[in-house]
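Dear colleague,

I am handing over the structure we spoke about, and my notes on it follow below. Please read them with the coordinates open beside you.

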Amino acid sequence: MHVLDATDRRILTVLDADPRATVQAIAYRLGLARGTVHTRLDKLQTSGALRANSLRLDPPALGWPLRARITAEANQEELEGMIADLELIPEITECFAVSGPSDLAIEIVARDADDVYRVTQEIMKCRGVIRTSTAIMLRGLIARRQHQLL
């Protein structure tokens, strides 16, 4: 685990506000040398504190207006095969192993309620999935955020 210092936090704050900021732009904004910013970013990426760059996609704007959280009970002996099967379902955006009565929490996107049903049926076909429960997300109240962790 990488321990963040004040400089790391400042760099990450700039990237959180502008994920496409260049090393030069970050250095200029923060009054740091480009080499310092570049070295810090390398260390943050190597440690896993900073993930690889990705686009911030808005599923509804791409034709996926519904989101649902599916919990699944799984046969633990088939976990690796099940995860491999789940990775083949493009509508799955995240999957977590969880504690409690379910084994997995799976987030999906869908075009409509019938599509949620179809994706849920695809999940049920995966090796090791015993049963599922689905909750459709009605409205976003707090968007995904991480700046407050800095």
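T120 lies in helix α5, which covers residues 113-124, in what is a predicted model. With a relative accessibility of 8%, T120 counts as buried, because the cut-off for that class is under 20%. Leaving aside residues up to four places away in sequence, T120 touches I70, T132 and T134.

Turning to the helix packing, helix α1 (residues 6-17) and helix α3 (residues 34-47) pack with their axes 11 Å apart and at an angle of about 85°. The two helices, α1 and α3, are therefore roughly perpendicular to each other, since angles of 65 to 115 degrees are placed in that class. On the α1 side the contact is made by T7, D8, I11, L12 and L15, which meet V37, R40, L41 and L44 in α3.

As for the strands, β2 (residues 92-97) and β3 (residues 104-110) run antiparallel and are joined by 5 bridges.

Conventions: Residues are numbered from 1 along each chain as its sequence is written. This is a predicted model: local features need pLDDT of at least 70, side-chain atom pairs count only at pLDDT 80 or more; totals for chains, interfaces and linings use all residues. Side-chain values use heavy atoms; hydrogens and water are left out. Two strands pair if DSSP finds at least two bridges between them. Helices (H or I, at least four residues) and strands (E, at least two) are DSSP runs, numbered from the N terminus. Buried means under 20% relative accessible area, exposed over 50%, partly exposed in between (1.4 Å probe, protein chains only). Contact means heavy atoms within 4.5 Å. Axes are lines fitted to C-alpha atoms, for helices over the stretch in contact, and angles run from 0 to 180 degrees between N-to-C directions. Angles under 35 degrees count as roughly parallel, over 145 as roughly antiparallel, 65 to 115 as roughly perpendicular and the rest as oblique.
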